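Reader: Could we go through the nonpolar regions of this model together?

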Amino acid sequence: MVLLIIVIVVALLISIVLPIAAGFWLNKKFGVAWRVISYGALGYLIVQTLLVLLFNGFTTLVEKGTLVFSAQDSKIVQIVLSVFLGGLLGVLIRWIGMKFLNEKLDTLEAAYGIGVGYGGVESILMVGLPLLSTFIMMLNNMNIDPSMTSLDPAIVTQIEEIWQVSALIPLAGSLERIAAFVMHLTVTILLLQTFSRKNLIWLAAAFGLELIENGLIVGLAEIGLQQGWLVLISFSMILGNIYILYRVGAFNFHEIQREGPIRPTKEIIREN
């Protein structure tokens, strides 16, 4: 029980505190404005909104019989569409923002800021807050007595089962969150290459990376791969993304000149 509590606390630190700390570090170290980081967060929320609308439409077509799938086929199609459209929209929304927002976002520091915002909000909303809510419920009912509580028996059974979960599960989830966070940073840095190297092939590379890594994690989770393998694969993905970042020069922090927060182009023109 103690080990499980420790691992869950670590998972909460990784899924909630780490993205926020990364934002503060970028802001203090390189002057990346929180506004720029929020662009990445907003991009993620836009992507999720579009996905909800698209899947509501898909569900409606299935219910009306326009599209005919068995229950199993429908689940597979939804998983495939979720991975494909999530990657495609995530890449396009970030690229459109970096290209068309009236602000200089085609810089290394801005790309890091957008990546932190996008990956950070995903981590907090998808894992951090749900895990925190579950953990509070676990602690409030740590020594629950089924014969004395007013809770529904099904809820009591669920709480008891949660306390029996292997500590390896939240540990694997923590590594998966780090892998996803680093992946979003890498994808955004690859999008930066479309501007610095003036070649849209990097747009396809960014989409391919997100599609492969998200598809791999979701696919392996669906087939029930053992947690030890998920830990190994997540760790390998982290190393792979770090290598990609190294190859594209994303660690050349000495090239970043801290001259204050990134400002909109109109504001700079007005001052001149």
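Author: The notes below cover the nonpolar cores and a surface patch.

Author: This is a predicted model, in which local features need pLDDT of at least 70, side-chain atom pairs count only at pLDDT 80 or more, and totals for chains, interfaces and linings use all residues. Residues are numbered from 1 along each chain as its sequence is written, and side-chain values use heavy atoms, with hydrogens and water left out.

Reader: Which residues touch the most other members of the largest nonpolar core?

Author: They are M98, I189 and L191, in a core of 33 residues. Such a core is a set of buried Ala, Val, Leu, Ile, Met, Phe, Trp, Tyr and Cys residues joined through side-chain atoms within 4.5 Å; buried means under 20% relative accessible area, exposed over 50%, and partly exposed in between (1.4 Å probe, protein chains only).

Reader: Which element gives the largest share of this core?

Author: Helix α6 does, with nine residues. Helices are DSSP runs (H or I, at least four residues), numbered from the N terminus.

Reader: And what is L191 in contact with, leaving aside neighbours within four places in sequence?

Author: L191 is in contact (heavy atoms within 4.5 Å) with V91, R94, W95, M98, L203 and A206. Apart from this core lies another, of ten residues, including L230 and M237.

Reader: Turning to the surface, which residues form the nonpolar patch?

Author: L42, L45, I46, L50, L53, L125, L129, L132 and I136 form it, with about 730 Å² of accessible area together (Shrake-Rupley method, 1.4 Å probe; for residues, only the protein chains shown count as cover). Helix α2 gives the largest share, five residues.

Reader: Why does L132 count as partly exposed?

Author: L132, found in helix α4, counts as partly exposed because its relative accessibility is 33%.

Terms used. Helix = DSSP H or I, 4+ residues; strand = E, 2+ residues; numbered from the N terminus. Patch = residues over 30% accessible without salt bridge, like charges linked within 9 Å, V, L, I, M, F, W, Y side chains within 5 Å. Salt bridge = Lys/Arg side-chain N within 4 Å of Asp/Glu carboxyl O.
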